[in-house]
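I opened this notebook to record what I looked up in one protein structure. The entries follow the order of my reading.

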Amino acid sequence: MIEQFNFDIQLIFAILNGKVSAAINRKLSRNFRQNGMDITPEQWTVLLFLWEKDGVTQQELCNATFKDKPSMTRLIDNMERQHLVVRISDKKDRRTNQIHLTRTGKELEEKARFIANKTLKEALHGLTLEELRVSQEVLRKIFTNTKD
């Protein structure tokens, strides 16, 4: 069946190589800045995870955000400088740090979630619930087929 489908190979690879993601990230970054929030989309993904589960290892954050260790280290370094998170040595294994939200990081949650939801609504404007459901299922299958 798939052999009979006429692929627009440029469009498919543009989508799968992150052009849609990059466009949404640009929009999210712009919306954060316009609302006086000094965070990046990458920091948003870390904050989002920590708001759900505070006090996790950097490795857990890497796994949750699909980032490698050096990238996550730089991201956490920057977030520490902004007083959004703090590293605390694990009492059981001092080689491991737990990443915790600061009060500043916690206080961003409501406004950041609102802006992110607004950005997503803008990105999904004009799509029906059925189109969203099908798109989500297709992307989930592609991800499952290609993950290591």
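Entry 1, burial. I count a residue as buried when its relative accessible area is under 20%. The model I examined is a predicted one. By this cut-off, 24% of the 148 residues of the protein are buried. I also noted an accessible surface of about 11000 Å², with 54% of this area belonging to carbon and sulfur atoms.

Entry 2, secondary structure. I found 8 helices and 3 strands in the protein. Along the sequence, I read their order as α-α-α-β-α-α-β-β-α-α-α.

I looked up the partners of β3 (residues 97–101), and one of them is β1 (residues 56–57), which runs antiparallel to β3 and is joined to it by 2 bridges. Here Val 56 stands opposite Ile 99. Strand β2 (residues 85–89) also pairs with β3 in the antiparallel sense, over 5 bridges. In that pairing, I identified Leu 101 of β3 as the bridge partner of Val 85.

I recorded a volume of about 1300 Å³ for the largest pocket. Its lining comprises 30 residues, and Val 20, Ser 21, Ile 24, Leu 120 and Leu 139 are the closest to the pocket centre. Which helix supplies the largest share of the lining? I found that α8 does, with 8 residues. Among the other helices that each supply at least two lining residues are α2 (19–34) and α7 (109–123). By residue class, I divided the lining into 17 nonpolar, 10 polar and 3 charged residues.

Terms used: Residues are numbered from 1 along each chain as its sequence is written. This is a predicted model: local features need pLDDT of at least 70, side-chain atom pairs count only at pLDDT 80 or more; totals for chains, interfaces and linings use all residues. Side-chain values use heavy atoms; hydrogens and water are left out. On a 1 Å grid over the protein atoms alone, a cavity is a set of points where a 1.4 Å probe fits but cannot get out, and a pocket is an open set with protein on both sides within 12 Å along at least five of seven lines; lining residues have an atom within 4 Å of a point. Grid points are joined across faces, edges and corners, and a volume is the space filled by probe spheres set on the points. Helices (H or I, at least four residues) and strands (E, at least two) are DSSP runs, numbered from the N terminus. Ala, Val, Leu, Ile, Met, Phe, Trp, Tyr, Cys and Pro count as nonpolar, Asp, Glu, Lys and Arg as charged, and the others, Gly among them, as polar. Two strands pair if DSSP finds at least two bridges between them. Buried means under 20% relative accessible area, exposed over 50%, partly exposed in between (1.4 Å probe, protein chains only). Accessible areas come from the Shrake-Rupley method with a 1.4 Å probe; for residues, only the protein chains shown count as cover.
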